[in-house]
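Hello,

Here is the structure I promised to pass on to you. Please open it next to this email, and follow along as you read.

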Amino acid sequence: TWDSVPLAPPDSIFKLTAAYKEDTFPQKINLGVGAYRDDDNKPWVLPVVKKVTDMLLHDPALEHEYLPITGLPEFTAAAARLMFGADSPALAEGRVTSVQTISGTGANHLGALFLSKFYGWYEGKEVYLSDPTWVNHFAIFRNVGVEPRTYPYYDANTIGLAFSAFIETLQTAPPRSVFLLHACAHNPTGVDPTREQWSQIADVILAKGHYTFFDCAYQGFASGDLEGDAWAVREFVRRNVPMLVCQSFAKNAGLYGERVGALHVVAPSASAATRVKTQLSVLQRSEISNPPAHGARLMALILNNPELFEEWKRDIRTMAGRIIAMRQELHGLLTDKYKTPGNWDHIVNQIGMFSFTGIRAEQSQALTEKAHIYLTTNGRISMAGLNSHNIEYFAESLDKVVRG
Ligand code: PMP
């Protein structure tokens, strides 16, 4: 029956991890992984997550009933306040509709599916993705019949933002186009627009009547500051840019496997928000019936209790702080110790889990083949894979491949 099914290629990141695991070299490093690791290269369970897990376990009222189709209300409401700010006028006016999703991936999927069905498409169904972007975006949109196009984002010459080319695409795209923007800590480049640039992006989006599809997978994780990392989203809401936001708690709460996230659609009126919610509910019903309870319960406890919320913020600062420290140390090693040719300021200017080193594909390959350092061939490194024990070896190896 399945003779005509072709073999699909393995996921490149998972392939990288498998190769790393097989490698017996003692100093091997995995810089492909998209999850936080502590200074001993171990997964880190946030102390606040340990605490609320314990609270849940000992809660005599805990049952295992279905959640509502749109999710745990205490979770979705608190998640919306976290994203838009507790004092957000859009929230007070009832213009935001929030649905619990299967982490950020599920939020992207539900948002894409909703747009595919209900967006007032001007021409064909198309979405503009940054070049490059999280590769999964392509498949997520294609799966729901929305054809991905790309807009210029990363400039390999400056290892920074291709701002004018980006703005030009915003200007020349057909009116009412959908643009997917990474709210903070752009994956894979670590390059974000400045606030001034965000404002200019909003100007063009408003002038052209475009729709903003925000993907926010790293709030707090990027800079250690939950509010600062939500700045672009909040600024766009303040300026009434039509938009939705995909929110993930995988990175900032270390809840990768719990699949806890939300989709927030900001509507022009409370009645529009209500209508949108009913349709999201219908879509969700046919896809997953009800979202999973455990992770949402954990996050609801953290987000709704001021003390636990403070503890969470401290844990977030621990993760972001370690990553920022690794950026500074790597930058110092390359510029001061090894005097590696080239400018390495982008290492400290980029933010979030990833850094685009700017090295070429053959240099990435040489790092893997000669130094047992695993990274994607685009030169992206996960800063979380670096620690006080391996950073010297990494800097030394990078210096060698750059010198050729
Ligand atoms: N969007 C972006 C840009 C991401 O980097 C990720 C995680 N790699 C996600 C969404 C979704 O992650 P998750 O489904 O684990 O929340």
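By class, the shell around the ligand is made of four nonpolar, eight polar and one charged residues. In this scheme Ala, Val, Leu, Ile, Met, Phe, Trp, Tyr, Cys and Pro count as nonpolar, Asp, Glu, Lys and Arg as charged, and the others, Gly among them, as polar. Of the 13 residues around the ligand, Ser103, Gly104, Thr105, Ser248 and Ala250 come nearest. Helix 5 (residues 103–118) gives the largest share of this shell, three residues. Helices (H or I, at least four residues) and strands (E, at least two) are DSSP runs, numbered from the N terminus.

Before you go on, please keep in mind that this is a predicted model: local features need pLDDT of at least 70, side-chain atom pairs count only at pLDDT 80 or more, and totals for chains, interfaces and linings use all residues. Residues are numbered from 1 along each chain as its sequence is written.

Next, the domains. The domain assignment of the chain gives domain 1 (12–44 + 320–403) and domain 2 (73–304); such bounds come from an automatic or database domain assignment. Their C-alpha centres lie 29 Å apart. Where the two meet, 16 residues of domain 1 are in contact with 18 residues of domain 2, contact meaning that the C-beta atoms of two residues, placed from the backbone, lie within 7 Å. On the side of domain 1 that touches domain 2, helix 13 (306–337) and strand 11 (354–356) each supply at least two residues. Strand 11 has the largest share of that side, with three residues. By class, the side holds eight nonpolar, seven polar and one charged residues.

UniProt, in an unreviewed entry, places the feature "domain: Aminotransferase class I/classII large" at residues 27–398. Its positions are given in the numbering used here, feature names are shortened, and annotations may be inferred rather than shown by experiment. In the model, the end C-alpha atoms of residues 27–398 lie 14 Å apart, and the span is 46% helix and 15% strand.

Now for some backbone details. Most residues other than glycine have a negative phi, and most peptide bonds are trans. Which peptide bond is cis, with omega near 5 degrees? The bond from Asp131 to Pro132 is, and Pro132 sits in the loop between strand 3 (126–131) and helix 6 (136–143). The bond from Asn187 to Pro188 is also cis, with omega near 15 degrees; Pro188 lies in the loop between strand 7 (178–182) and helix 8 (195–208).

Asn240 is not a glycine, yet has a positive phi of about 60 degrees. You will find Asn240 in the loop between helix 10 (231–238) and strand 9 (243–248). His372 has a positive phi too, near 60 degrees, and belongs to the loop between helix 15 (361–371) and strand 12 (373–374).

Leaving aside neighbours within four places in sequence, Ala232 is in contact with Ala183, Cys184 and Trp198.

Happy exploring!

Key:
Near = placed C-beta within 6 Å.
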